[in-house]
Amino acid sequence: MPTTTRTTKLPSGEAVQVLGQGTWKMGEDARRRAGEVNALKLGLDLGMTLIDTAEMYASGGAEEVVAEAIAGRREELFLVSKVLPSNASRTGVPAACEKSLKRLRTDRIDLYLLHWPGSVPLAETVDAFEALKKAGKIRHWGVSNFDTDEMEELTGLRSGGNVQTNQVLYNLSRRGPEFDLAPWSRQRGIPLMAYSPVEQGALARNARLEAIAARHNATAAQIALAWVVAQPGVIAIPKASSQEHVRQNVAALDIKLTADDLADLDRAFPPPTRKRGLEMI
């Protein structure tokens, strides 16, 4: 088990791990399936009990990988999945949810997210989420790729204040959310869930991060991940397809970045000085 376990709270008051497991691009190649399943299983063994997936990932294939990994262990984890905007209507949401539940081989999703803003009125999607909660199909709901103005619109709706998280692209090279979205979210106790916290591996090859990593006997990727999980009210969901990568991710929790480290990171990756549109990949 990791020597450090850290949680943050959802608006509901429920505590969730600040370091979870992502599954984007899992389920795309049958030859990698066993390795992906074993990586997720090891992550659970090491305390990364939040698993994030989506109906979009490998057209449901990632959810099937998750199902295999969590078989017999459903009570251990906090399961997150997402509905596509094209399925976000009053009738589309429950239909998509049922398909996800079937692929995941479970009777409930702990946190169900709208994958990004779409053409369906938000009020309609929120009503559908609330109906799923009442039916016991989901426990909580949230959104993904919502900028500050979209969050303002959402929370102004009837039941919109029940949003539990906003999953966004956030890492050292994508610090735009810090200008207004992150402060807005912290003020309201709504955690940000950071996807691609190592910029799909690009930060793992960064010389400036490697210099800081040398002080901690760590890797550049671990420093990038340690920085994300050190941010208040932020949950990171890196994907790891090998057991060694999982172990490295967990070890990042034990890295204590110093004031000098943080100053060097700010020089290498300056925080935003103006509003930027929310980035997506």
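This is a predicted model: local features need pLDDT of at least 70, side-chain atom pairs count only at pLDDT 80 or more; totals for chains, interfaces and linings use all residues.
Me: What makes the pair Arg73 and Asp45 a polar contact?

Reply: A polar contact is a pair of N or O atoms within 3.5 Å; within protein, one must be able to donate a hydrogen and the other to accept it, and residues adjacent in sequence count only if both atoms are side-chain atoms. The side chains of Arg73 and Asp45 are joined at 2.8 Å, so the pair qualifies under the 3.5 Å limit.

Me: Why is Arg73 called buried?

Reply: Buried means under 20% relative accessible area, exposed over 50%, and partly exposed in between, with a 1.4 Å probe and protein chains only. Arg73 has 18%, and therefore counts as buried. Its place is the loop between helix 2 (61-70) and strand 4 (78-83); helices (H or I, at least four residues) and strands (E, at least two) are DSSP runs, numbered from the N terminus.

Me: Is Asp260 buried or exposed, and how do you know?

Reply: Asp260, in helix 10, has a relative accessibility of 57% and is therefore exposed. Its C-alpha atom is separated by 9.5 Å from that of Ile212, 48 residues apart along the chain.

Me: And Asp261, buried or exposed?

Reply: Asp261 also belongs to helix 10, but its relative accessible area is 1%, so Asp261 is buried. Leaving out residues up to four places away in sequence, Asp261 touches Ile212, Arg215, His216 and Lys256.

Me: Why is helix 8 described as largely enclosed?

Reply: Nine of its eleven residues (220-230) are buried, so the rest of the structure largely encloses the helix. Among the buried ones are Ile223, Leu225, Trp227 and Val229. The buried residues pack against strand 8 (192-195), helix 7 (207-215), strand 9 (234-236), helix 9 (243-251) and helix 10 (259-268).

Me: What makes the phi of Arg105 worth a look?

Reply: Most residues other than glycine have a negative phi. Phi of Arg105 is near 55 degrees, a positive value. Arg105 sits in the loop between helix 3 (92-104) and strand 5 (109-114) and, at 59% relative accessibility, counts as exposed. Gln200, in the loop between strand 8 and helix 7, likewise has a positive phi, near 50 degrees.

Me: How do you know that the radius of gyration agrees with a compact globule?

Reply: The radius is taken over C-alpha atoms, and the globule rule is 2.2 Å times the number of residues to the power 0.38. For 281 residues the rule gives a value near 19 Å, and the protein has 18 Å, so the two agree. Buried residues make up 54% of the 281, and the protein comes to ten helices and nine strands. Of the contacts with a separation of 6 or more, 77% join residues 24 or more positions apart.

Note on methods:
Residues are numbered from 1 along each chain as its sequence is written. Side-chain values use heavy atoms; hydrogens and water are left out. Contact means heavy atoms within 4.5 Å.
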